[in-house]
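Have a look at it first, and then we'll start with a question.

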Amino acid sequence: MKELRMVIKDLREDNDIKQKTVAEYLGVSQQTYSNYENGHREIPIWVVLKLSRYYKVSTDYLLGADSGYLGNTNLSGKYLGDTTLHDVVYELQQLDTADRRDLLKYIQFLKHDD
């Protein structure tokens with residue numbers, strides 16, 4: 001399981017955000033935020049809560065109890081091989097309503113297949 005400091009660093013890098021930007025959002029100095037990511041300073045609970053809102057992930061994800069984060073959701077970035085999320089969304093939009101419903105059922109089936 002990843003340490004919280006690595007999770008927040010990965011999220012920041014996945015979203016191409018500078019430490020200074022996150023620090024400003026949190027209302028702390030860039031040095032303080034850097035210390036969180038580098039493990040030189042304990043990350044307060046209020047920071048975890050604010051970061052979960054900032055990145056739109058659960059606190060469970062940040063703390064390693066949930067692996068549901070989808071990664072970078074940049075639609076033009078590579079998603080799988082040479083396919084972008086934009087390509088996937090475009091293909092989904094080409095399906096009729098019944099096929100979309102079937103696809104969603106299949107995705108749910110795959111997610112619950114242990």
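Which residues are buried in helix H4 (residues 45-55)? They are Val47, Val48, Leu51, Ser52 and Tyr55. "Buried" here means under 20% relative accessible area, while exposed means over 50% and partly exposed in between, using a 1.4 Å probe and protein chains only.

## Ground rules

Keep in mind that this is a predicted model: local features need pLDDT of at least 70, side-chain atom pairs count only at pLDDT 80 or more, and totals for chains, interfaces and linings use all residues. Residues are numbered from 1 along each chain as its sequence is written, and side-chain values use heavy atoms, with hydrogens and water left out.

## The whole chain

The protein chain has 7 helices and 2 strands, in the order α-α-α-α-α-β-β-α-α along the sequence. Helices (H or I, at least four residues) and strands (E, at least two) are DSSP runs, numbered from the N terminus.

Of the 114 residues in the chain, 26% are buried. Now for contacts, meaning heavy atoms within 4.5 Å. Among those in the chain with a separation of 6 or more, 44% come from residues 24 or more positions apart.

## Back to H4

Look down the axis of H4: its buried residues fall within an arc of 135°, so they line one face of the helix. That arc is taken from the directions from the helix axis to the C-beta atoms. On the face turned away from the buried side, H4 carries the exposed residues Ile45 and Arg53.

So what covers the buried residues of H4? The cover includes helix H1 (4-14), H2, H3 and helix H5 (59-62).

## How H2 packs

Helix H2 (residues 19-26) packs with helix H3 (residues 30-38) at an angle of about 105°, and their axes are 8 Å apart. Axes are lines fitted to C-alpha atoms, for helices over the stretch in contact, and angles run from 0 to 180 degrees between N-to-C directions. H2 and H3 are therefore roughly perpendicular to each other (angles under 35 degrees count as roughly parallel, over 145 as roughly antiparallel, 65 to 115 as roughly perpendicular and the rest as oblique). Gln19, Lys20, Val22, Ala23 and Leu26 of H2 make the contact with Gln30, Tyr33, Ser34 and Glu37 of H3.

H2 also packs with H4, at an angle of about 115° and with axes 10 Å apart. On the H2 side, this contact is made by Thr21, Val22, Tyr25 and Leu26, and on the H4 side by Trp46, Val47, Lys50, Leu51, Arg53, Tyr54 and Tyr55.

## H3 and its cover

The buried residues of H3 are Thr32, Tyr33, Ser34, Asn35, Tyr36 and Glu37. Their cover includes H1, H2 and H4. Just after H3, Gly39 takes a positive phi of about 80°.

## A few loop residues

Two loop residues have a positive phi without being glycine. Asp16, in the loop between H1 and H2, has a phi of about 50°, and at 68% relative accessibility Asp16 counts as exposed. Lys56 sits in the loop between H4 and H5, with a phi near 60°. At 75% relative accessibility, Lys56 counts as exposed too.

Finally, Leu95 lies in the loop between helix H6 (85-94) and helix H7 (97-112). Leaving aside neighbours within four places in sequence, Leu95 is in contact with Arg100 and Leu103.
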